[in-house]
There are 2 protein chains.
Amino acid sequence: MRTKIKQVLLAKEPSRLEEKEVIVTGWIRTVRDQKAFAFIEINDGSTLTNLQVIADATLPQYAELMTQLTTGAAVSVEGILKKSPGKNQALELHATKVHLYGACDPARYPLQKKRHSFEFLRTIAHLRPRTNTQGAVLRVRSAMSFATHLFFQQRGFFYVHTPIITGSDCEGGGEMFRLSTTKPSEEFFGKPAYLTVSGQLELETLALALSDVYTFGPTFRAENSNTSRHLAEFWMIEPEMAFADLKVNMECAESYLRFCVNYALEHCAEDLAFFDQFIEKGLLERLKKVAHTPFAHIPYTEAIAILKKADRSFDFPVEWGIDLQSEHERYLAEEYCQKPVILTDYPAAIKAFYMRQNPDGKTVAAMDVLVPKIGELIGGSQREERLDILERKLEAFKLKKEDYWWYLELREYGSVPHAGFGLGLERLVLFITGMENIRDVIPFPRTPGHAEF
Amino acid sequence: MRTKIKQVLLAKEPSRLEEKEVIVTGWIRTVRDQKAFAFIEINDGSTLTNLQVIADATLPQYAELMTQLTTGAAVSVEGILKKSPGKNQALELHATKVHLYGACDPARYPLQKKRHSFEFLRTIAHLRPRTNTQGAVLRVRSAMSFATHLFFQQRGFFYVHTPIITGSDCEGGGEMFRLSTTKPSEEFFGKPAYLTVSGQLELETLALALSDVYTFGPTFRAENSNTSRHLAEFWMIEPEMAFADLKVNMECAESYLRFCVNYALEHCAEDLAFFDQFIEKGLLERLKKVAHTPFAHIPYTEAIAILKKADRSFDFPVEWGIDLQSEHERYLAEEYCQKPVILTDYPAAIKAFYMRQNPDGKTVAAMDVLVPKIGELIGGSQREERLDILERKLEAFKLKKEDYWWYLELREYGSVPHAGFGLGLERLVLFITGMENIRDVIPFPRTPGHAEF
């Protein structure tokens, strides 16, 4: 049985592992040949730090072995764990047997021991998970995905799968990809079919049966935007709650976000320390603050007043009715509130048709969670549950009632107040890691012109 | 704060809830008007069983209320929990206040209290989650999804997302959907793009960096098959392990399946009892057996001999080299072994190019897990990690090396033995629930001609 490097280096009581015989497998990061022995650093992806292996020159075939043990080579090392005299690790492995699985030609391997630009690494997406940064990103991404399931399952939500392929091109919210088969003349589904931009409408059918549900799956946008915040394919988390109003929705979003931050602080401490040191100075402090401070709450109308009074100028002029730009959102979260803030009650005209109309007739029960560093991280609303108002909204938005027959029936048969929100996993990972470009927090980014691998 | 019906009816110590004041919300399943009072059964989806509410005729506006409280209507009920004299439940709710959220016209509501065929219910997929069977299926589906994450996270696997949109049409394993945008003349990704049929090839890049990974996402087949076992869109779980051979792979698959069965038996007891009573008699016994009996292991060559000796005839003749049909697989699992069986070492010609060649030169280190009731539930293999053999396999399969440049590089730079498998979530849910048709275990099934909702 092999031991994972995480079990050695993150052991609660390393001293109990001293003198233990173990087998460790992994890929070589560096070798320092000291003639009488060599230091070999190996990594198996289970944790950020490499395990230091001491290979003595008395090992069988030592000279030949040393020509093969190069950066990137895969090995298994049998040996005895010893207290390390170095101060970087508690334990090191004294090899009794080194086995080479697969060599790695130093003249050809693109990942030599030096800093590579993130742009370059995207061109070798099949190898970049072997770098420190990508390894850490992927571990945090996995932890945030699991934390999401934990949070909602603990609260009694059911995980449901809304369809990826949809027959309706009318979900709102962006350009869609269209499907065809190898016989383009035939429609596989009997009519045009598209890739979903959001599971929300279908999710409501499940909330109005199971009460609390969430979906977590890929969504798509066929938009030609080349920014550090947009992908053509990304993963979205969408909870939906029956018998819930905007207040319940806000509490859920805030608790969820805080749960994720705490989960990362607790389970990804080593990776977060790495990001704090090399990617965003002050990351840990920022996250700890989010974990401990209640979010601010500001109605949109008040936010507009705050922005107008701000002693700085914005590229986009501020007027009641505008869709807030990233500069406005970040001012509110980073400068004015200096913590996450939930904006509520947006003008009806700039929000989707399904958001619940407020008594003032001008605004809807929408909410956006804005956070320092990212801007909008979560968008949600209470949904319009009143059939007559929803029908009027469809008309006002020039949408056809026939296309929404089943969505309208939810309001006809046992309608209830309900609410939900959506959060893009990649933006959450940017928020937690301090990474700047969304292409660097998903293993195989899809953007205009790019669907390699 | 509302109380979910599950918290009342599945309470460990119901007696501690007696005389407690609670608010419960849900949808009415039935009303029995007894003049002096009414029995109202309500369900909120949190659990299978309805909560019995006693509404006394002395409630304000009782007569008017009774005209509105019909099957499908949404209500909140405030009241006091009392010990129930009936034997079907420990507690019942004596209403002090009934609030109607949304009525439900009995003349129009399609879900009246009677048995509906599963075929009919598929035409109202937006309402069918409100039926007993669909509610139970969805709860089990959620539990199996979460159990999957729990199992792999506890074993130190990282959850990774392989791409849904892929630029390669050469993954093997079935017809693919092709993407286009509203401007069909332009390629959004600069070249043709497709929907993935499996994340495995990309998954291997992540296993060869993080050691143990899994993916869980939608996959697609543009095949015109109208069977009770096939969907155009389904969810697949794919683990991949570095430093692992077929033996490790088999252990993982067996442990995973047993974990899921045990999780269902423990966390979905009420729903499984329902399936055992109404869907498949003997279900619980079948599942308990899977939970407690080690799986059988039979090499393909031996399985062929067993099938040839079987005292029954098959529609498809049995010869070494054939791809086993469902009738063969079910005979082996249901009759010969009477428990799950792992078949190994299939002929190279009937398996994918990436499976590892055995020393005999004729077979590959493949494994299929066959289970009673379903047939093949899991398919996997050790992967070919030797560059020269993999290149020869590509040639033999008439596949172009250029298309696999990055996949081949994994064998050039630090190659290691690795293995993995794939399991369709919907087949797992069929296996756990005893349901017969795959269209009834996914909320919005996509099949040829069908992409409604």
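## Reading cores, interfaces and salt bridges

Analyst: In this predicted model, the largest nonpolar core has 150 residues, and M144(A), F177(A), L272(A), I432(A), M144(B), F177(B) and I432(B) touch the most other members.

User: Which residues is I432(B) in contact with, leaving aside its neighbours within four places in sequence?

Analyst: The contacts of I432(B) beyond those neighbours are V140(B), M144(B), V261(B), A264(B), L272(B), L283(B) and L287(B).

User: How many salt bridges and how many residue pairs in polar contact does the rule find across the interface of chain A and chain B?

Analyst: The rule finds six salt bridges across this interface, together with 41 residue pairs in polar contact, both residues at pLDDT 80 or more. A salt bridge between the chains joins R2(B) to D212(A), with the closest N and O atoms 3.5 Å apart.

User: What is the general idea behind a salt bridge, and how many does a search of the whole structure find?

Analyst: Side chains of opposite charge can pair when their charged atoms come close. Over all chains, the search finds 50 salt bridges. One within chain A links E204(A) and R411(A), whose closest N and O atoms are 2.8 Å apart. Another joins the side chains of R16(A) and E13(A) at 3.8 Å, N to O.

User: Are R16(A) and E13(A) buried or exposed, or partly exposed?

Analyst: R16(A) is exposed because its relative accessible area is 59%, which lies over the 50% cut-off. E13(A) counts as partly exposed because its relative accessibility is 47%.

User: Into which domains is chain A divided, and how far apart do their C-alpha centres lie?

Analyst: Chain A comprises domain 1 (5-109) and domain 2 (128-159 + 242-440). The C-alpha centres of these two domains of chain A lie 45 Å apart.

User: What area do domain 1 of chain A and domain 2 of chain A bury between them?

Analyst: These two domains of chain A bury about 730 Å² between them, 39% of it on carbon and sulfur atoms. In domain 1, R29(A), L48(A) and Y109(A) lose the most area to domain 2, together 65% of what that side buries. The side of domain 1 that touches domain 2 has three nonpolar, five polar and one charged residues. Across this domain interface of chain A, the rule finds zero salt bridges and seven residue pairs in polar contact, both at pLDDT 80 or more.

Note on methods. Residues numbered from 1 in each chain as written. Chains lettered and ligands numbered in written order. Predicted model: local features only at pLDDT ≥ 70, side-chain atom pairs only at ≥ 80, totals over all residues. Heavy atoms only, no water. Domains from an automatic or database assignment. Buried area = accessible area lost by both parts, 1.4 Å probe. Salt bridge = Lys/Arg side-chain N within 4 Å of Asp/Glu carboxyl O. Polar contact = N/O pair within 3.5 Å; in protein donor to acceptor, adjacent residues only side chain to side chain. Nonpolar A, V, L, I, M, F, W, Y, C, P; charged D, E, K, R; others polar. Core = buried A, V, L, I, M, F, W, Y, C linked by side-chain atoms within 4.5 Å. Buried < 20%, exposed > 50% of the residue type's maximum accessible area, 1.4 Å probe, protein only. Contact = heavy atoms within 4.5 Å.
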